[in-house]
Every structure is written in structure tokens, then in C-alpha cells.
There are 4 protein chains.
Amino acid sequence: MFFASDNTSGAPDQVMQALLRANDGFSLGYGADSLMDRVRGQIREVFEAPEAAVYLVATGTAANALAIASHVQPWHAIYCHRVAHIEEDECNAPEFYAGGAKLTLLDGADGIIDPHDLRMRLAGASNAVHHAQPGLLSLTNLTERGARYSVAQIAELAAIAKSHGLPVHLDGARFANAIVAEGCTPAEMTWRAGVDVVSFGGTKNGLLGVEAVVMFDPARAREFELRRKRGGHLVSKHRYLSAQMEAYLTDGLWLDLAARANASAARLEQGLIKAGASLIHPRGGNLLFAQLPRAAHRALRAAGAVYYDWPGDHADGPDDELLQARFVASWSTTEAHVDRFVTALAQAISG
Amino acid sequence: MFFASDNTSGAPDQVMQALLRANDGFSLGYGADSLMDRVRGQIREVFEAPEAAVYLVATGTAANALAIASHVQPWHAIYCHRVAHIEEDECNAPEFYAGGAKLTLLDGADGIIDPHDLRMRLAGASNAVHHAQPGLLSLTNLTERGARYSVAQIAELAAIAKSHGLPVHLDGARFANAIVAEGCTPAEMTWRAGVDVVSFGGTKNGLLGVEAVVMFDPARAREFELRRKRGGHLVSKHRYLSAQMEAYLTDGLWLDLAARANASAARLEQGLIKAGASLIHPRGGNLLFAQLPRAAHRALRAAGAVYYDWPGDHADGPDDELLQARFVASWSTTEAHVDRFVTALAQAISG
Amino acid sequence: MFFASDNTSGAPDQVMQALLRANDGFSLGYGADSLMDRVRGQIREVFEAPEAAVYLVATGTAANALAIASHVQPWHAIYCHRVAHIEEDECNAPEFYAGGAKLTLLDGADGIIDPHDLRMRLAGASNAVHHAQPGLLSLTNLTERGARYSVAQIAELAAIAKSHGLPVHLDGARFANAIVAEGCTPAEMTWRAGVDVVSFGGTKNGLLGVEAVVMFDPARAREFELRRKRGGHLVSKHRYLSAQMEAYLTDGLWLDLAARANASAARLEQGLIKAGASLIHPRGGNLLFAQLPRAAHRALRAAGAVYYDWPGDHADGPDDELLQARFVASWSTTEAHVDRFVTALAQAISG
Amino acid sequence: MFFASDNTSGAPDQVMQALLRANDGFSLGYGADSLMDRVRGQIREVFEAPEAAVYLVATGTAANALAIASHVQPWHAIYCHRVAHIEEDECNAPEFYAGGAKLTLLDGADGIIDPHDLRMRLAGASNAVHHAQPGLLSLTNLTERGARYSVAQIAELAAIAKSHGLPVHLDGARFANAIVAEGCTPAEMTWRAGVDVVSFGGTKNGLLGVEAVVMFDPARAREFELRRKRGGHLVSKHRYLSAQMEAYLTDGLWLDLAARANASAARLEQGLIKAGASLIHPRGGNLLFAQLPRAAHRALRAAGAVYYDWPGDHADGPDDELLQARFVASWSTTEAHVDRFVTALAQAISG
């Protein structure tokens with residue numbers, strides 16, 4: 001009953017086997033391995049973007065910070081949602097990599113940026129040197145509240161950004177979950193909708209630790225390479241990153257894994273609803289936010305369920321106080337895990 | 001006949017098996033995995049430093065840059081050898097992480113800092129605000145020229161640094177090779193000699209990609225943790241780093257691997273000498289720099305040998321021009337590899 | 001009828017004469033001039049802070065950015081009002097100087113931070129490494145909306161900050177105007193209320209370009225000096241800064257100048273009210289924000305009045321649309337200026 | 001007998017009068033003053049560069065750091081002489097402004113870069129991402145050792161830089177002294193010789209504190225403006241900078257001042273030679289480095305002479321030990337000052 005985060009799960013067998021295969025013999029480092037050539041081809045094919053620049057790094061924070069920094073200047077404002085991972089969960093990494101650029105926060109329900117808010121901010125921006133200059137729009141799909149931008153929503157926001165000359169970044173730590181749930185192609189969710197650069201996540205969806213940065217306009221590729229090295233994110237034994245990503249993209253494994261996670265989350269959602277829990281945000285993929293009485297939380301924990309109170313820790317208080325929590329399903333969450341949790345939940349509620 | 005770099009080799013079976021074992025089930029992320037507790041204990045034991053702060057990152061550049069940045073200020077000068085990895089091979093990562101600090105370069109044969117040079121520089125430093133302020137001494141062992149600091153040499157340099165209040169960093173990307181060759185303990189080469197913080201390398205000695213940062217005074221541990229996260233170097237599925245390091249430190253595997261690499265380099269050295277090649281620097285462990293006629297290089301390459309011209313590429317020129325090259329043996333270099341190379345070399349020279 | 005900004009005014013005769021006097025002969029540079037000794041003493045006396053560290057710089061942005069950077073780390077959040085000068089008008093200078101720290105924006109009427117908002121933010125802050133760590137509270141008095149924090153309000157906010165271990169910075173670009181209007185001492189508005197470091201403005205109140213940074217705890221003085229030099233803000237012919245500040249502080253000139261500006265603003269306020277304009281924010285000193293019909297703005301401009309539409313430019317539109325504007329009185333604003341404006345306003349309204 | 005530095009002198013009457021004139025009335029801030037329009041025109045005329053972008057800042061360190069940062073990236077190497085002001089006397093300001101770029105030091109007698117050294121460094125540079133990438137060449141004229149690059153020397157170095165695609169910066173803190181001594185035009189010493197951007201000094205040559213940055217290709221003008229503001233170097237009451245520079249450039253005042261300083265230095269040089277002192281570097285303008293016995297230094301100081309031991313302080317030692325010192329003449333150094341010093345020197349030597 002482990003629903004703490006999708007990064008608490010392991011890697012599927014195909015990925016581990018790929019690592020073992022990649023371990024054989026000598027291989028040039030720093031991305032000059034032949035596996036990387038194959039990965040580059042795969043990603044270009046997946047995104048229908050034959051010119052895209054493709055790079056691998058080991059963490060999502062690195063992917064986001066490097067992708068963004070390669071598209072802004074230190075005097076820029078980076079527009080993102082108030083609850084974006086780059087704002088809340090990266091300890092100022094975007095500011096660090098972007099030389100002290102500013103994150104300017106936008107509002108909107110469920111972690112989805114309200115186009116009106118973006119439009120107003122950009123309309124109010126001035127090019128006087130006193131002010132941070134508009135620099136980039138960063139979206140997150142799935143959002144940090146588990147909701148999902150539709151392709152149309154991304155396209156609308158990207159169009160606003162582009163009408164002010166801003167490039168668009170997509171934090172796709174849960175890109176696979178979003179794609180599967182939306183039922184669209186990667187191209188539709190990205191460059192066809194106006195996205196310029198994607199953090200294409202692998203870690204939360206079953207890899208040991210690999211994210212790709214995909215830049216549809218390769219003009220900044222060289223800058224990215226230098227920034228990656230300067231950030232200490234160019235891995236010497238790069239074949240181990242390549243191997244993971246290669247397995248991930250072979251035979252649609254990445255989509256299968258995400259489909260499994262989403263299905264588990266859907267099953268969990270049904271269980272929560274049936275038990276009378278209220279859901280806080282619409283489920284866009286494999287994340288759920290639900291509200292339960294403190295007594296139910298306590299009983300679930302006692303039964304072995306693991307998940308995060310959200311936000312913060314729920315200190316002591318009345319048994320019937322409603323408290324929110326986040327539940328994340330991963331590719332390795334099984335029906336049995338979910339059912340065990342749902343049973344425990346039913347007992348917790350009734351008890 | 002692959003002598004390009006020790007980071008072109010794979011990982012030994014014990015490490016791959018440890019990865020497979022670690023893959024099982026759910027595990028808390030970001031260093032809260034139980035394997036990390038074990039690794040912390042192992043490293044403290046190996047270094048006889050029960051209070052040391054211990055962190056893992058995935059690249060040597062990250063280890064160095066974070067270790068150094070946690071001990072200096074942006075207005076500091078970081079003293080290092082002219083050919084140090086932090087100066088020549090990290091694309092300004094130390095300057096980036098240290099907020100624009102300056103690397104001040106010292107001289108000395110074979111990549112070993114001349115104590116006289118350090119003494120003169122520090123004697124000439126002024127505390128006037130116009131100048132970069134002395135900040136930290138960084139040593140590299142093995143050096144980038146394959147030589148080795150003795151414990152006494154480290155102690156002498158560290159004593160000079162400390163007499164001016166400077167902390168001492170040791171870039172130990174090839175720490176294991178140095179320890180084995182020097183025949184001393186990790187404590188002797190580090191804190192007992194005055195070193196405050198070590199980049200304890202694993203990648204070049206058989207891991208997929210893990211380096212530990214070991215801080216003997218844990219006072220800056222919290223700062224390190226925040227810098228690591230801000231740099232995008234806190235790995236979410238941390239167990240995969242822990243597992244590698246745990247296997248590395250179990251039953252002295254790390255020392256065995258280094259001993260193998262050093263032995264291969266010694267065998268190669270004999271072959272080179274026998275063939276009449278001149279060695280450029282004294283061999284401290286598993287790196288060799290040798291000089292051969294262009295014709296011999298050409299014949300070796302034709303026979304399938306892989307290694308780096310050093311420095312730069314050797315463009316066309318007369319057959320008998322003497323050109324330098326670097327040869328690196330790794331844990332996976334076999335006697336057969338070496339012997340095949342030596343045979344090819346004999347033919348190249350005689351041919 | 002020049003109400004654009006208090007930085008559009010010149011300097012009073014006493015300051016210019018001091019400059020001429022200071023110009024005589026040779027003088028050691030970089031703050032080693034004897035005038036600076038006198039200034040240091042004056043400021044310590046004015047603030048009743050005999051241990052305070054005192055430094056001069058030429059711009060308000062430098063004063064703020066250096067003062068703040070000397071008290072935070074790059075992974076920190078700097079709490080300030082949404083309309084603070086450091087957020088809106090310094091082109092990311094605070095982020096630059098603080099190595100990529102984040103400005104976290106608070107709300108509250110009239111540019112005054114709501115203590116409840118601060119309390120909630122700090123209560124919600126976590127010390128997990130994923131998040132920006134609470135770093136510093138920065139207040140602005142007078143606020144950017146012309147309102148004034150009372151001593152009690154400053155003390156309340158500072159107490160909240162300090163209960164979480166945060167230092168407090170006061171952006172006092174219009175400190176003199178606030179002091180005069182509040183009728184308190186500099187000590188009461190600063191260290192006695194819990195402020196640790198002040199940007200003590202001179203430029204907006206009659207100097208050519210000098211701001212003092214006053215640190216009540218001199219522990220970070222050395223760091224400030226190095227940051228100032230590294231920022232290019234250590235002036236070689238420092239005597240010209242010292243001379244201005246010395247004249248400013250002699251015989252209470254600084255208070256007289258501010259009193260004049262405040263009185264002119266009060267007179268202007270009366271005129272505006274009498275003419276039926278609505279005031280947007282309570283007047284705390286020498287700034288006014290008022291609302292007038294577009295037609296009145298147009299007539300005033302035609303009559304030669306200079307002031308800023310606020311916010312942004314007021315494009316064409318209906319004559320009777322109410323539009324906001326900012327009016328700033330300076331030490332050199334005369335009764336005649338104000339009266340001429342008020343007359344023009346009466347005509348504009350009636351016309 | 002004040003020969004400590006040219007920044008210890010005051011400003012000539014023309015400059016002070018210009019300040020007084022500029023003080024009258026209201027004036028728009030931040031460079032929008034009408035005086036700045038005039039200054040821009042003057043500088044373009046002086047440099048025969050009608051398209052040049054021209055900006056004023058208050059310190060030489062700001063001018064250098066901003067000028068350089070506007071032409072490099074954080075992963076760049078900035079080539080300069082080992083004793084350049086940007087390396088030795090700006091407390092890492094260039095590194096700070098350039099986001100952590102690296103200063104790579106070149107050798108050459110008298111502070112003049114040896115073209116061979118530059119050529120070898122650039123020939124040895126690699127475009128592999130591991131290394132700092134060649135970014136910019138920065139020259140200093142007069143050099144920090146008082147020597148002077150000829151126009152031909154500048155052109156030779158600039159040509160080498162440009163053959164590798166590098167822009168060229170000229171630190172002209174003593175540009176006027178160099179121009180007057182070289183007997184060439186500003187255009188000849190700068191853009192006609194391949195210089196892209198100049199720090200055109202005023203402070204050391206008689207201003208209170210103003211340096212111009214002149215960019216012959218205005219393509220980076222906008223970036224410079226934003227960097228200047230972000231660095232806190234955009235002065236609000238900008239008219240006071242403009243007024244100084246306007247007076248400086250009117251009727252060739254700047255050249256007259258430099259000619260006076262150079263003449264005083266020449267007179268001093270004669271006196272030193274006559275007294276038997278050895279000169280360390282060829283005199284290029286208004287700086288001298290000479291060697292005298294300790295006893296002579298002591299006697300001169302006792303007689304009231306002020307100048308810097310160079311390098312460092314000369315601690316106690318034998319009377320006849322030869323010690324170096326730096327002597328700087330400024331526009332305000334008079335023949336009487338020099339003669340008084342020469343007399344004292346004769347007595348010191350004979351005594």
C-alpha cells in the first residue's frame with residue numbers, strides 16, 4: 001500500500017536487463033556511446049521531430065533547470081504556476097541555473113494556469129529596464145495537483161506566450177501519464193501546440209533515473225551541452241542512461257507503464273469515492289488528492305498505508321476533521337495493492 | 001586494447017547484482033533509503049571518521065563543485081594545480097557552483113603542486129577588498145598526469161593551507177588507485193594529513209556513476225545538502241546510488257578493483273619501457289603518459305588500440321616525430337589486453 | 001509642476017558646497033577618506049547605534065541588493081511585498097546579488113505587508129531541502145504606494161520574522177520622509193523595532209546619489225565590504241560620497257528636506273481632495289496616488305504638469321474614465337509649484 | 001608629494017562648475033536627461049563612431065565587468081594579462097558579472113600580452129564541452145605596469161583574437177594618458193585596431209567618478225542596459241554623471257588633463273634617473289615603477305612623500321636593499337610637487 005510517490009517504485013525488468021546488456025565491454029563516455037544514437041532516433045520518432053536536439057540527464061530538476069536556462073537570460077521573468085515543481089520543489093535550481101532569473105507565479109485551478117492571468121501579466125509587462133523582462137512560459141503536465149492540461153489548453157497558453165515572443169517549456173515529469181490519459185500523440189501535446197522544449201520524464205515512470213530534454217528547435221543545442229557540462233550533469237558512463245531510455249522507448253514500454261499507473265489510480269479513485277472520500281482535484285493521470293477524516297487517515301496508516309499528507313503534516317486534532325492527502329500510483333502498483341488499500345479504507349471509515 | 005579512459009569500462013558483477021537486488025519493492029527517495037544508512041556507516045568506517053558527513057552524487061564534476069562550493073565564498077580564490085580537473089575539464093563548474101569564485105593556478109611537476117609555489121602565493125595574498133581572498137586548496141590524487149602525492153606531500157601542502165586558514169579539498173576521482181599504490185589508509189591520506197573534504201570517486205573504478213563527498217567536519221553538511229538539491233544533484237531514486245556504493249565498499253571490492261587497474265598499468269609500463277618508449281611522468285597508479293614515434297602510434301591504432309593523444313590531436317607529420325599519449329588501465333583491463341597491446345607495440349616499433 | 005519622482009530634483013546648496021569643499025587636495029580613496037570617519041560617527045549617532053557598520057554606495061538598488069545579499073544564502077526565500085521596489089523595479093538585482101535566491105511575495109493593502117500573510121507563509125514553510133528556505137524579511141518604508149508603516153507595524157512583522165530566525169531588512173529609500181511623518185527616532189523605526197539592516201536613502205531626498213547601508217550587527221560587515229567591491233560599488237574617489245552624506249546629516253538637513261517634501265505633498269493632497277479627486281492610498285509622506293478623469297489628466301499635462309500614470313500608460317479612451325496617477329513631492333517642490341498645479345487642476349476639472 | 005594613485009586627486013574646476021550648472025531644476029532620471037544626449041554625441045565624435053552605443057557608470061570595475069559580461073557566456077574563458085586590473089583588483093567582479101566565467105591569464109613583459117602566448121593558448125583550445133570555451137580578449141592600456149600598447153600591438157593581438165572569433169575589450173581606465181602619449185586618435189587605438197568595446201575612463205583623469213562604456217557594435221546595447229540596471233549601476237540622477245563627462249569632453253579637457261599628468265610623470269622620471277634610481281618598466285604615460293634603496297624610501301616618506309610600495313609592504317630590512325615602488329602622477333600634480341619630491345630624493349640618496 002505504497003502511494004507516497006511514483007519515485008518510490010523500482011524499474012521494470014526490461015530496464016534492468018537493458019542495463020545488464022549495456023554493461024558489457026568498453027564504451028566511449030559522455031554521450032558518445034552508440035546507444036545514444038539509437039535513443040536520439042527513437043525520441044525523434046516518438047515526437048515526429050526529426051531535427052530535435054535530444055539530451056539525457058539523471059534528474060528532473062536538472063532537466064527543468066537546464067532546459068529553462070538555455071532559453072532565458074538572467075534578467076528574465078519565467079512564468080509558471082504558483083504550485084509548479086520549479087517553484088516549489090527545486091530549492092531555487094531554476095534561479096541558480098538561469099543566473100538569478102525570477103519566477104513569476106500565475107494562478108489557476110488544479111495547477112493549470114488560467115489563460116486570463118497569463119494574458120493580464122504579459123499585457124502589464126513593460127520593457128523598461130527597471131523590470132524583469134518577460135522570458136519564458138513553463139507548463140507542467142500532469143500538473144502538480146494531478147490534473148491534466150488538454151492539448152487545446154496548452155495550445156491556448158502557448159499562443160499567448162508566443163504572441164509576446166516567449167518560448168514555452170513543458171515540465172513532463174509525468175508526460176507519459178498525460179499522453180496516455182489524453183489519448184494524443186507526443187507531437188500534439190508539444191511542438192504542434194507551441195511547446196519549444198520538453199523535460200521528458202522517465203524516472204517517475206519506471207526508470208532508475210533518466211530524463212530527456214527535447215528541444216524542437218536545435219538552435220540552442222550547443223548552449224545546452226555546455227550548460228549541462230557546467231552543471232555537472234554530463235554523465236561519463238553515459239551508456240547507462242542511454243540503455244534505460246532505449247528500453248523505455250522500445251515496443252511502447254513507456255506507454256504501457258503509464259497506462260498501468262493510470263489504471264491503478266482510476267481503481268483507487270473509485271475506491272475512494274465509494275468510501276465517501278471527496279476528491280480535491282480532477283484526476284488527470286496517476287495522482288489523486290482526496291479528503292478523509294483524521295481518524296480514517298490514522299487507521300489507514302496503522303494498516304500500513306504510506307502516502308503524504310498534503311500539504312504539510314497533520315498534527316493532532318479532532319478525529320472528524322477532514323484532512324487532505326496525496327496518493328500516487330506508479331507502474332508497479334498492482335490491483336492487489338489498491339484493493340488492499342480500499343478494503344482498509346472501508347474499515348477505517350466504518351470503524 | 002581499450003586504454004582511453006577508466007570511465008569507458010563497465011561495472012563488475014557485484015555492482016550489477018547489487019543494483020538488481022536494490023530494485024525490489026518500494027523505497028523512500030532522496031537519500032532516505034535504508035541502504036544509504038549502511039553506506040554512511042561503511043564510509044565512516046573506511047575513513048575512521050565516525051562523525052563524517054557523507055553524500056552521494058552521480059558525477060565527479062558534481063562532487064568536486066559541490067564540495068568546493070560548500071567551503072568557499074564567491075570572492076575567494078581556489079588554489080589548484082594548473083592541470084587540475086576542476087580547472088581543465090569541468091567547463092567552469094567550480095566557478096558556477098561557487099558563485100563566480102576564481103581558480104588560482106599553481107605549478108609543479110607531474111600535476112603535483114610545488115609547496116614553494118603555494119607558500120609564495122599565500123604569502124603574497126592581501127586581505128584588501130580589491131583582491132580575491134584566499135579561499136581553499138584543492139589537491140588531486142592521483143594527479144591528472146598520473147603521478148601520486150605521498151601522504152607526506154599532502155600533509156605538507158595542507159599544513160601551508162591551514163596556516164593561512166584555508167580548508168583543503170581532495171579530488172579523489174582515482175582515490176582508490178592512489179590508496180592502493182601508496183599503501184596507506186584512507187584516513188592517513190585525508191583527515192590525518194589535513195584534508196577537510198574528499199570527492200571519493202567510484203565511477204572511474206567500476207561503478208556506473210557514483211561519487212561520495214565525505215566531509216570530516218560535518219558543520220557544513222546542511223549547506224551541502226541544500227547546494228546538492230539546488231544543483232539538481234539530489235537523486236530521487238537514491239537507492240540505486242546507495243546500492244552501487246554499498247557493493248563497492250563491501251569486502252574491499254573497491255581496493256581489489258583499483259589493485260587490478262594498477263597492476264595492468266604496471267604491466268603496460270613494463271611493455272612500454274621494453275619497447276623503448278619514454279615515460280613522461282612517474283606512474284602513480286593506473287595512468288601512463290608515454291612518448292612514441294608517430295609511426296608507432298599509427299600502427300597501434302591500425303591494430304585496434306584505443307587511447308588519447310595528449311595533448312590534442314596529433315595531425316600529420318613526420319613518421320619519426322615523438323608524440324605523447326595517455327594510457328589508462330581500468331579494473332576491467334586484463335593481462336590479455338595488455339599483452340596484446342605490448343605485442344602490437346613491439347611490431348609497431350620494429351615495423 | 002514636476003511631480004514625476006523625487007529623483008528628478010537636484011541637490012540643495014549645502015550639498016553642492018560640501019562637494020566643492022571636498023574637492024580640494026588629495027585624499028585616499030575607497031572609503032579611507034577622513035570625511036567617511038565623520039559620516040560613520042554621524043550615522044551611529046543618528047541611529048543611536050555606536051557599533052553599527054556603515055557603508056556608502058551610489059544607488060538604491062545597490063544598497064538593497066548588497067544589504068540583502070549579505071544576510072541570505074542562494075537557497076533562501078526573501079519575503080517582501082508584492083509591490084516592493086526589490087521585486088518590481090530592480091531588474092532582478094536582488095536575485096543576482098543573492099546568487100539566485102527567490103523573492104516570495106506577500107500581500108497587504110497600500111504596500112504594507114499583512115502580518116497574517118507573513119505568519120501563514122512562515123508557518124507553511126518546510127525545512128526539507130526541496131524547498132527554498134526562509135531567509136529574510138524585507139520591508140519598505142515609505143511603501144511603494146506612499147503609505148507608511150508605523151513603528152508598531154514594523155515591530156509586529158519583525159517579531160514574526162525573528163520567531164522563525166529571519167533577519168529583517170528595511171528599504172529606506174524614503175526613510176527620512178517616513179521618520180518625519182511618523183515623528184519617531186531612527187532607532188525606534190529600526191533596531192528597536194527589530195530591523196537588522198537599513199538602506200538609508202539620500203538620493204530621493206536631495207543628494208546627487210548616495211545611500212548608506214547601516215548594519216546594526218557588524219558581524220557581516222566584512223562580507224558586505226567584499227560584496228560591495230565585487231559588485232563594482234566601491235567608489236574610488238569616495239570623498240565625494242562622504243561629503244554629500246556629511247552635509248545631509250549636518251544640522252538635521254536630511255530631516256528639513258523631508259519635512260519640506262512631506263509638507264508639499266500634504267498641500268497637494270488638500271488640493272486634490274478639494275478638486276474632488278479620490279486618493280487611492282493613505283498618504284504616509286511625500287507620495288500621493290490619486291484618481292482623475294482622463295480629461296483632467298489631459299488638461300493638466302497640457303498645462304505642463306509632469307507625473308506618472310500608474311500603472312502603465314493611459315491610452316486613449318473616454319474622457320470621463322477615472323485613471324490613477326502618482327504624484328511625488330520632493331524637497332525642492334515649492335508652494336508655488338503646488339499651487340500652480342492645484343489651480344490648473346481646478347481648471348481641468350471645471351473645464 | 002602625493003603620488004599614491006591618480007584616483008586620489010580631485011576634479012578640475014570645469015567639472016565642478018558643470019556639476020553646479022547641472023544641479024539646476026528638475027531632470028528626468030536614468031539616462032533620459034538631455035545632457036546624456038550631448039555626451040553620446042561627443043563620444044561618438046571623439047571615437048568617429050556614429051553608431052556606437054554609449055553608457056555611463058560610476059566606477060571602473062563596473063565598466064569593465066559590465067562591458068565584458070555583455071560579450072561572453074558563463075562557460076567562457078576571458079583572456080587577459082596576469083596583472084590585469086580585472087584579474088588582480090576587482091575582487092572577482094568579472095567572474096560575478098559574467099556568471100562564473102573564467103579568467104585565463106597570459107604573460108608578457110610590462111603588463112603587455114605576448115602575442116605568442118595568446119596564439120598558443122588559442123591554438124591549444126578545444127571546443128569539447130569539458131573545457132572553458134574561448135570567449136573574449138581583454139587588454140589594458142596603459143597597462144597596470146605603466147607601459148603602453150602601441151596601436152600596432154593592439155591590432156596584432158586583436159587580429160589573433162578575431163581569427164578565433166573572439167571580441168576584444170579594452171580597459172581604458174587610463175585611456176586618455178595612452179592616447180596622448182601614443183599621439184594617435186581614439187579610433188585608431190580602438191575600433192580601427194579591432195577593439196569592440198572600451199571602458200573609457202574618466203575618474204583617474206579628473207572626474208569625480210564616471211566611466212563610459214563604448215560599444216562600437218550596438219548589437220549588445222540592450223543587453224548592456226539590462227545588465228547595468230541589474231547590477232545596480234543605473235544611476236537615477238544621471239545628469240550628474242552626464243555633466244561630468246560633458247565637461248570632460250568639451251574643448252579637449254580630457255586630453256589636456258592627461259597631457260599634464262604625463263608631463264609630470266616625465267619630469268619625475270628624469271628626476272628619478274638623475275638620482276640613480278632604476279626604472280622597472282618603460283613609462284607609457286603617467287605611471288612609473290622605480291627601484292630605490294630602503295633608506296631612500298624611508299627618507300622620502302619622512303619628507304612627506306606618499307606612494308605605494310609595489311608589490312606589498314616593505315617590512316624592515318637592510319638599508320641598502322633595493323625596493324620597488326609605484327609613482328603615479330595625476331592631472332593635478334604640479335611641477336612644484338615633482339620638484340619638491342626630486343629634491344627630497346636627492347637628499348635621501350646622498351644622505
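1. **Ground rules.** Residues are numbered from 1 along each chain as its sequence is written, while chains are lettered from A and ligands numbered from 1 in the order in which they are written. Since this is a predicted model, local features need pLDDT of at least 70 and side-chain atom pairs count only at pLDDT 80 or more, whereas totals for chains, interfaces and linings use all residues.

2. **Chain A overall.** Chain A holds 14 helices and eleven strands (DSSP runs numbered from the N terminus: H or I of at least four residues for helices, E of at least two for strands). Its C-alpha trace spans about 60 × 60 × 35 Å along the principal axes. A compact globule of 351 residues would have a radius of gyration near 20 Å, and the 21 Å of chain A agrees with that (taken over C-alpha atoms; the globule rule is 2.2 Å times the number of residues to the power 0.38).

3. **Packing in chain A.** Of the 351 residues, 64% count as buried (20 or more other C-beta atoms within 10 Å of the residue's own; 12 or fewer is exposed, in between is partly exposed, with C-beta atoms placed from the backbone). Among contacts in chain A with a separation of 6 or more, 78% come from residues 24 or more positions apart (a contact means C-beta atoms, placed from the backbone, within 7 Å).

4. **A covered strand in chain B.** All five residues of β1(B), 53–57, are buried. Ala53(B), Tyr55(B) and Val57(B) point one way, and Val54(B) and Leu56(B) the other. In a regular strand the side chains alternate between the two faces of the sheet. Five bridges tie β1(B) to the antiparallel strand β7(B), residues 211–215, with Tyr55(B) standing opposite Val213(B).

5. **The four-stranded sheet.** Chain B also has an open, antiparallel sheet in the order β8-β9-β11-β10 (strands pair if DSSP finds at least two bridges between them). At its edges are β8(B), 278–279, and β10(B), 308–309, each pairing on one side only. Seven bridges join β9(B), 287–293, to β11(B), 322–328, and Ala290(B) stands opposite Ala325(B).

6. **Helices across that sheet.** Helix α12(B), 253–274, lies across β8, β9 and β11 at about 20 degrees to β9(B). Helix α13(B), 294–302, lies across β9 and β11 at about 115 degrees to β9(B). (Axes are lines fitted to C-alpha atoms, for helices over the stretch in contact; angles run from 0 to 180 degrees between N-to-C directions.)

7. **Chains A and B.** Here 39 residues of chain A are in contact with 39 of chain B. On the chain A side, α1, α3, α5 and α10 each supply at least two residues. That side divides into 17 nonpolar, 18 polar and four charged residues (Ala, Val, Leu, Ile, Met, Phe, Trp, Tyr, Cys and Pro count as nonpolar, Asp, Glu, Lys and Arg as charged, the others, Gly among them, as polar).

8. **Chains B and D.** In this pair, 19 residues of chain B are in contact with 19 of chain D. On the chain B side, α5 (93–97) and β3 (102–106) each supply at least two. A rotation of 180 degrees with 0.0 Å of shift along its axis superposes chain B on chain D, RMSD 0.0 Å (least squares on C-alpha atoms of residues with pLDDT of at least 70 in both). That is the relation of a two-fold axis. Gly100(B) comes closest to the axis among chain B residues, at 2.0 Å (C-alpha). Because 100% of the interface residues of chain B are also interface residues in chain D, the copies meet through the same surface.

Conventions. Contact = placed C-beta atoms within 7 Å.
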